[in-house]
Amino acid sequence: MLERLESLRLVDHHCHGVVGRELDRADFESMLTEAPDTTPLGGSLFDSQVGFALRRWCPSVLDLPAHAEPDDYLARRAELGAAEVNQRFLAAAGLDALCVDTGYTPEPILEPEELGKLAGARAAYEIVRLERLAEQVAAEEVTAAAFADEVRRRLDARTAGNGGAASERAAGRAGAGGGVVGCKSIAAYRAGLEMAGERPTEVEVKAAAGRLLREAERAMAGSGASPRVNDEVLHRFLVWCAVERGLPVQFHVGYGDSDTDLRRGDPLLLTALLRAVAPTGVPIMLLHNYPFHRNAGYLAQVFPNVFVDAGLATHNIGHRSPTLIAELLELAPFGKVLFSSDAYGLAELYYLGALLFRRGLGAFLGSGIEEGAWTAADAERVADLVAAGNGRRAYRLDQGQ
Amino acid sequence: MLERLESLRLVDHHCHGVVGRELDRADFESMLTEAPDTTPLGGSLFDSQVGFALRRWCPSVLDLPAHAEPDDYLARRAELGAAEVNQRFLAAAGLDALCVDTGYTPEPILEPEELGKLAGARAAYEIVRLERLAEQVAAEEVTAAAFADEVRRRLDARTAGNGGAASERAAGRAGAGGGVVGCKSIAAYRAGLEMAGERPTEVEVKAAAGRLLREAERAMAGSGASPRVNDEVLHRFLVWCAVERGLPVQFHVGYGDSDTDLRRGDPLLLTALLRAVAPTGVPIMLLHNYPFHRNAGYLAQVFPNVFVDAGLATHNIGHRSPTLIAELLELAPFGKVLFSSDAYGLAELYYLGALLFRRGLGAFLGSGIEEGAWTAADAERVADLVAAGNGRRAYRLDQGQ
Amino acid sequence: MLERLESLRLVDHHCHGVVGRELDRADFESMLTEAPDTTPLGGSLFDSQVGFALRRWCPSVLDLPAHAEPDDYLARRAELGAAEVNQRFLAAAGLDALCVDTGYTPEPILEPEELGKLAGARAAYEIVRLERLAEQVAAEEVTAAAFADEVRRRLDARTAGNGGAASERAAGRAGAGGGVVGCKSIAAYRAGLEMAGERPTEVEVKAAAGRLLREAERAMAGSGASPRVNDEVLHRFLVWCAVERGLPVQFHVGYGDSDTDLRRGDPLLLTALLRAVAPTGVPIMLLHNYPFHRNAGYLAQVFPNVFVDAGLATHNIGHRSPTLIAELLELAPFGKVLFSSDAYGLAELYYLGALLFRRGLGAFLGSGIEEGAWTAADAERVADLVAAGNGRRAYRLDQGQ
């Protein structure tokens, strides 16, 4: 099964850009896990599942023997230069298409198109981060009364390049060669995932926008900080804006850095919203999910439009990835599971995410063949679905190509 | 160990009736998992752990080769007819006794006695669904003041056939050849499992009954819908009615369809109630439990009257059942774990539930023997307990036979 | 790997005293798990993972064959006498150092120094239970206004023997040969782990102390019971008292007896407090964690000062310990994981805790070597860290020796 999976090019339905600059050891460790950085108290972050996985798999891509020591690895990385390193790892990831969340840019990173070229992918699509779009509106001249319309107008504008996803969905066509194919909510990082179901009224949105604008004014007058959407009504409004346009909505769920309150990132908190959105048939993508991946698998089974992945966690837990993928697939139907790397910054993470996904899914499917639980033909069909087919169908990526 | 388990007839302490009518593919898929049905967006529900398990194990019972394609399988099923199919799978399940929850009947299903006969079981017992009993009372001419007594009277009447469980418990005898042996609460599907401990006062119950009756009146005047118990006080009152009669109480916990709010189905929410009921010594059965089965195992260890199973999940997660059972048995003492299929509708689910339970428990016990963690004799003793002994003891099934 | 681990002496960073008296079967079973005792309804607690593990591993220490029957085992135990039995098991545990929580003493147990001698450990340190210290203050003549200062004074007095941890931390020295090296909070057993972050103000502490003192007065006037700290403000105050002195703080998390409300013991509830304490760099130790150990592993990754263990659960789940340790190490960096037995009462539990930890970590590390996920040299380094190095570094145990 592993060979089969190695031959499949993947649809990475959720990733970020890669950093183009050169990185020293402190920079590198700070991007390796979700920890802010290495400390004398806690020891090197190379001493972790993802650190060991990186030392196992990445050195050979840079012409070093497996299990290279961190300093040797980083010296070789510096010798080759970031551009060459990024190119090698992205190419080695074996990606067919990427959906790039362009909303997180603490420092300059590659744009989707460049990323897609480096990866040798057929297409690189864009995912619009909803809160960032709303915050851009709030940072400009807008009244509370005009806020909702302006958000909708911009979302329409962002998706106009590919004809508008809603109309495509209706027409059964899809944007070839790029364009916006979905949105993302980071409610889990702000107000939390516990949301009501129904679309908020215009009056509710106006009131919430007023609060945001007043806060934005204060913030900009003071520290010059930009406004932050952190309000259940606004998160929910944004999700419904996407849903009404037929745009699949990705949710950050579970595992993230120390800014998240993991308890508020349990996907079960989304139950009311999922129930309300289900009749629209617009896909909802639950990202990462660890350590709530079994909860997510349940939601993928009982709601017809819910899809799940195990991105970010897959490479962070290293050689435990087969267990994670097996647990996710306990209840999630095989037509509802996607691949994502959720890679950010280090090109190694694209490669590791893809490699550990292939190994994890391969181990799951292969062990089933060995035990006689299913046939090789069925396993191959499932591999195709999870590696790429489900993503293509849910985002309507291939239509028109 | 697997052979040993295959030779043991099981006590299925929680199941429902089987559907007698012929089923087309859409019907069949809608009963296969907890998803409402198959959709073009999500793909066939045969592409799931339970779907693959069904195709692995069920075709041979219908004289087909393993891993038959869904359409071939369903064609053969139609050819044999529902009656023959039901008979074959129930007989193949190898059941010694069944405890049938008769409270969920969206369509006509077999009664406990018929079911027991099909299964070749020594006895089929009944489990009274508490909320349904209360809703029947509420749908009739009753005042809020008379509600509590009427509920108690009916519960006594339902259990009178086997002499009254409470007196039996006191006397150490049990109902041979059927009768009511326990009750079930579906609080998890309604107000949730977060309940206070103490028995509600008559005043509290009267007030809650008043709310229910007013709602029932409105509901019947409007849509003709029947009233629904959805009130922490009433759920708790009903549980205490059963406890006071010495009747074991089953709780739906965790995994269910999209009507449940899984977050409110965590068994830890029952802690206060379990603490209050513990001194009575009346068994409390936590059903399903997935994905909270480790939480349930903890409760089974620390509360002397709490029992647990992994029904419904065992067949839904297919060849992962050994992991589930191993996780459940991490903390749950071996004298506190029960078997149930929680099968409803499809006769295949009785068979799969029993088969995957036997394989899961067999793998758990067998691996321990291989590693030298325990002896074959101890493993056989545990197999006897979990397969049937614990259920017989907790429900006092065999006394008098 | 197992041989390597067997050769390593462990730092048990959290354990309690052992009972010196002779034990009958009922006594023994009541200390074996977290269940209060064995019941006819639930069966013997020897029929459990820990019971089977005890019968597998402990008889040989008492010159019996493996898998001895419980009664034979207990007869031999009585024959040898408690003193000899305690000495054998503690010596067999292979401990280098112990950190003993001296705050739980429902009956007379050995003091840290005696325990350390029995174990042949180089040093036995003390962990001060914060709530007990506060309750001792509350039971004496103190006003609400003087409460906070008196608590701080006593904490200083308790830690004065080893020069004061705070100054040591600053000076980079540590208490040789015993002394107080940390504190413990049992908030999880009382008000729960959901706490605010910031240090409470003196006014808030005074008000909370007033409530405690009034309750203490009533309690002592009535039943003679001693006062109990059960107030979020006081738990948090006590934690900050320790943090301000540079003393590592252990939190009971997750698994415990039926007095705990497991739902309120999820380590994620500590997020706000962990965020507030992080800048101080004072280590926070999350104890036990099961079944929330993956949540704990996440916290250990993203907060630089958070450490985790799987004590208590490791021996309770018996031959499943490799899975538990592998799950804990999914996200927790290898420099942030500690060993503890959390043994109390039965000397067997020190031995089993150590043995099953060694086997679990050995299986985890060994399987990685076999798969080529890491080298034997890296695995050995990780074994050293988790077995002892991390504990020595976090508690500064070795400095000055």
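Modeller: Let us begin with buried area. The size of an interface is often given as the accessible area lost when the parts come together. In this predicted model, chain A and chain C bury about 3,100 Å² between them, and carbon and sulfur atoms account for 57% of that area.

Biologist: How many residues of chain A and of chain C are in contact?

Modeller: Chain A contributes 35 residues, which are in contact with 39 residues of chain C.

Biologist: Which rotation superposes chain A on chain C?

Modeller: A rotation of 120° does so, with 0.0 Å of shift along its axis and an RMSD of 0.0 Å. That is the relation of a three-fold axis. The two copies use different surfaces, since 3% of the contact residues of chain A recur in chain C.

Biologist: How many salt bridges does the rule find across the interface of chain A and chain C?

Modeller: The rule finds five salt bridges across this interface. As an example of a salt bridge, consider the side chains of R320(A) and E330(C), with a distance of 2.9 Å from N to O. The interface of chain A and chain C also has 15 residue pairs in polar contact, both residues being at pLDDT 80 or more.

Biologist: Which elements give two or more residues to the side of chain A that touches chain C?

Modeller: They are helix 3 (49-57) and helix 15 (321-328) of chain A. Helix 3 of chain A gives the most to that side, with four residues. Sorted by class, the side of chain A that touches chain C has 12 nonpolar, 13 polar and 10 charged residues.

Biologist: What salt bridge does E194(C) form?

Modeller: E194(C) pairs with R263(A) in a salt bridge, and their closest N and O atoms are 3.3 Å apart. E194(C) lies in the loop between strand 4 (180-185) and helix 10 (202-221) of chain C, while R263(A) lies in the loop between strand 5 (249-253) and helix 12 (271-277) of chain A, so the pair joins two chains. Over all chains, a search of the whole structure finds 111 salt bridges.

Biologist: What area is buried between domain 1 and domain 2 of chain A?

Modeller: The area is about 2,200 Å², and carbon and sulfur atoms give 62% of it. In domain 1 of chain A, the residues that lose the most area to domain 2 are R88(A), L346(A) and E348(A), together 25% of what that side buries.

Biologist: How many salt bridges and polar contacts are counted between domain 1 and domain 2 of chain A?

Modeller: The count is three salt bridges. The side chains of R77(A) and E348(A) also provide a salt bridge to examine, at 2.7 Å from N to O. Between the two domains of chain A, 10 residue pairs are in polar contact, both residues at pLDDT 80 or more.

Technical notes
Residues are numbered from 1 along each chain as its sequence is written. Chains are lettered from A and ligands numbered from 1 in the order in which they are written. This is a predicted model: local features need pLDDT of at least 70, side-chain atom pairs count only at pLDDT 80 or more; totals for chains, interfaces and linings use all residues. Side-chain values use heavy atoms; hydrogens and water are left out. Copies are superposed by least squares on the C-alpha atoms of residues with pLDDT of at least 70 in both. Contact means heavy atoms within 4.5 Å. Buried area is the accessible area (1.4 Å probe) that two parts lose on being put together, summed over both. A salt bridge is a side-chain nitrogen of Lys or Arg within 4 Å of a carboxyl oxygen of Asp or Glu. A polar contact is a pair of N or O atoms within 3.5 Å; within protein, one must be able to donate a hydrogen and the other to accept it, and residues adjacent in sequence count only if both atoms are side-chain atoms. Ala, Val, Leu, Ile, Met, Phe, Trp, Tyr, Cys and Pro count as nonpolar, Asp, Glu, Lys and Arg as charged, and the others, Gly among them, as polar.
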